[in-house]
Amino acid sequence: MKKYVKFVLCGMAAAALVTGCSSNKPQESQSTAAETVTEASSEPESGTEAEKEVDRGTVTKLGQYKGVEVKRLPVEVSDEELDARIQSILDANPEYIEITDRAAKLGDVVNIDYVGMKDGEAFDGGTAEGYDLELGSKTFIDGFEDGLVGVKTGEERSLNLTFPEAYHSEELAGQEVVFDVTVNRIEEKREAVLDDNFVQRMSDFSTVDEFKADTLAEMEAERESQADQQIEADALQKALDNSEFDVNQEAVEDQFQKQMDYYNSMVQMYGMNLADYVAMFGMTEDQFQEELKSAAETAIRQQLLIDAIAEAENLQVEDGDRELVAKEYGTDVEALKASYGEEAVDETAKMYKVIGFIRDNAVVK
């Protein structure tokens, strides 16, 4: 659900918590690459505190924010869309049939026990029992899966292999090893067919009609939620467009640098650099930084607007507002405070409250 419009709002809240509690300048991510990383930023960084408070600027004109007109997205689900969703469910849940009358081939799933040995001694991480491996999936090092093509159930096979030079474990990189493998079971993967048997295998329903009806209801609920989220985002944007700001560019740069530091540290956790990561989304690092700086300024405008509306309407953060934030993060208020700090939690709760106020007072067409 957060992949849709609600991501923008929750992303703002996530950034508010992660980047510190005094300045709390939330971010609106505008690129797919940034979106993927920012979602991860909703995970706590324990004990985060602001280093300093940077003046964001001022709202020079608070424009209309009550009664802004927005359109509600259609929520109907077409037969074609329902069929596509069901097909995706079928594709994600193939049927596995145990095979006893032939040897394993590429595409089969073999259930194996294996022991990896280097210089005659088992090495850490090289042993497992009852492991399901799809032959041809490239899950294991080169030669392992190909070496099991042609095995039969109950067969034992030794594989003489060499770890790649670039392997993440220095102790194993480029080393010759032997894997002793026992094949417990061979299964053939077959495309799932929408019938009562599939429905009973994958759900609590008994018939295809029941399964289709439930899937349709789920899709309609998703559309309703997306439409509600779009109303929030559009109403907030209208309020922003109606107002005028004097934004402190030092605050923009501060927000930008904090987010760049965060993104760089995140991609490093995945063994990548930022340039390679954003290239996966068809962007250069310069393009990513330009979008991120623009998003930083937008985020500051949003926070300035939120503060101004909260003051104009005397919207105070209450326990219920904090609980709403904690619910979004799948935790409780005290745990959230321990991870981010009380002031950051209250800033985020205020953000939720003001956005809800703008939404509730919007005129929905």
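Predicted model: local features only at pLDDT ≥ 70, side-chain atom pairs only at ≥ 80, totals over all residues.
Figure 1. Of the 365 residues in the chain, 43% are buried. When contacts between residues at least 6 apart in sequence are considered, 75% of them join residues that are at least 24 apart. The chain exposes about 19,400 Å², and carbon and sulfur atoms supply 44% of that area.

**Figure 2. The aromatic pair of Tyr-114 and Phe-144, which is edge-to-face.** A search of the whole structure finds 17 aromatic pairs. In the pair shown here, the ring centres of Tyr-114 and Phe-144 are 5.8 Å apart and the ring planes stand at 75°, so the pair is described as edge-to-face. Tyr-114 belongs to strand β4 (residues 109-118), while Phe-144 lies in the loop between β5 (121-134) and β6 (156-162), so the pair ties together parts that are 30 residues apart in sequence. Tyr-114 counts as buried, with a relative accessibility of 9%, and Phe-144 is also buried, with a relative accessible area of 0%.

**Figure 3. The aromatic pair of Phe-144 and Phe-179, which is edge-to-face.** Here the ring of Phe-144 meets that of Phe-179, with the centres 5.1 Å apart and the planes at 80°, so this pair too is edge-to-face. Phe-144 comes from the loop between β5 and β6 and Phe-179 from strand β7 (residues 176-190), so that the pair links distant parts of the chain, 35 residues apart.

**Figure 4. The largest nonpolar core, which has 39 residues.** In soluble globular proteins, nonpolar side chains tend to be buried together. Within the core shown here, the residues that touch the most other members are Leu-274, Phe-288, Leu-305, Ile-309, Val-354 and Ile-358. At least two residues of this core come from each of α5 (208-241), β8 (244-247), α6, α7, α8 (285-312) and α11 (342-360), and α8 gives the most, with nine residues. Leu-274, when residues up to four places away in sequence are not counted, touches Met-260, Tyr-263, Asn-264, Val-267, Glu-285 and Phe-288. Apart from this core lies another, of 23 residues, which includes Ile-141, Val-151, Leu-159 and Leu-172.

**Figure 5. Helix α8 and the residue Asn-314 that comes after it.** Helix α8 has 28 residues and reaches 40 Å from its first C-alpha to its last, which is close to the 40 Å expected at 1.5 Å a residue. After α8 comes Asn-314, whose phi is positive, near 55°. Most residues other than glycine have a negative phi, and Asn-314 has its positive value although it is not a glycine. Asn-314 is placed in the loop between α8 and α9 (319-328), and with 55% relative accessibility it counts as exposed.

**Figure 6. Asp-119, in the loop between β4 and β5.** Asp-119 is not a glycine, and yet it has a positive phi of about 55°. Asp-119 is exposed, with a relative accessible area of 68%.

**Figure 7. Met-272, in the loop between α6 (249-269) and α7 (274-279).** Is Met-272 buried, partly exposed or exposed? Met-272 is partly exposed, because its relative accessible area of 26% falls between the 20% under which a residue is buried and the 50% over which a residue is exposed. If its neighbours within four places in sequence are left aside, Met-272 is in contact with Val-267, Tyr-277 and Met-280.

**Figure 8. Thr-215, a residue of helix α5.** Thr-215 counts as buried, at 4% relative accessibility. Beyond its neighbours within four places in sequence, Thr-215 is in contact with Leu-82, Arg-85, Ile-86 and Ile-89.

**Figure 9. Lys-293 and the ring of Phe-256.** The charged end of Lys-293 sits over the ring of Phe-256, at 4.7 Å from the centre of that ring.

Note on methods. Residues numbered from 1 in each chain as written. Heavy atoms only, no water. Helix = DSSP H or I, 4+ residues; strand = E, 2+ residues; numbered from the N terminus. Buried < 20%, exposed > 50% of the residue type's maximum accessible area, 1.4 Å probe, protein only. Contact = heavy atoms within 4.5 Å. Phe/Tyr/Trp six-rings, centres within 6.5 Å; stacked < 30°, edge-to-face > 60°. Lys NZ or Arg CZ within 6 Å of the ring centre and 35° of its normal. Core = buried A, V, L, I, M, F, W, Y, C linked by side-chain atoms within 4.5 Å. Expected span 1.5 Å × (residues − 1). Areas by Shrake-Rupley, 256 points an atom, 1.4 Å probe, with all protein chains shown as cover.
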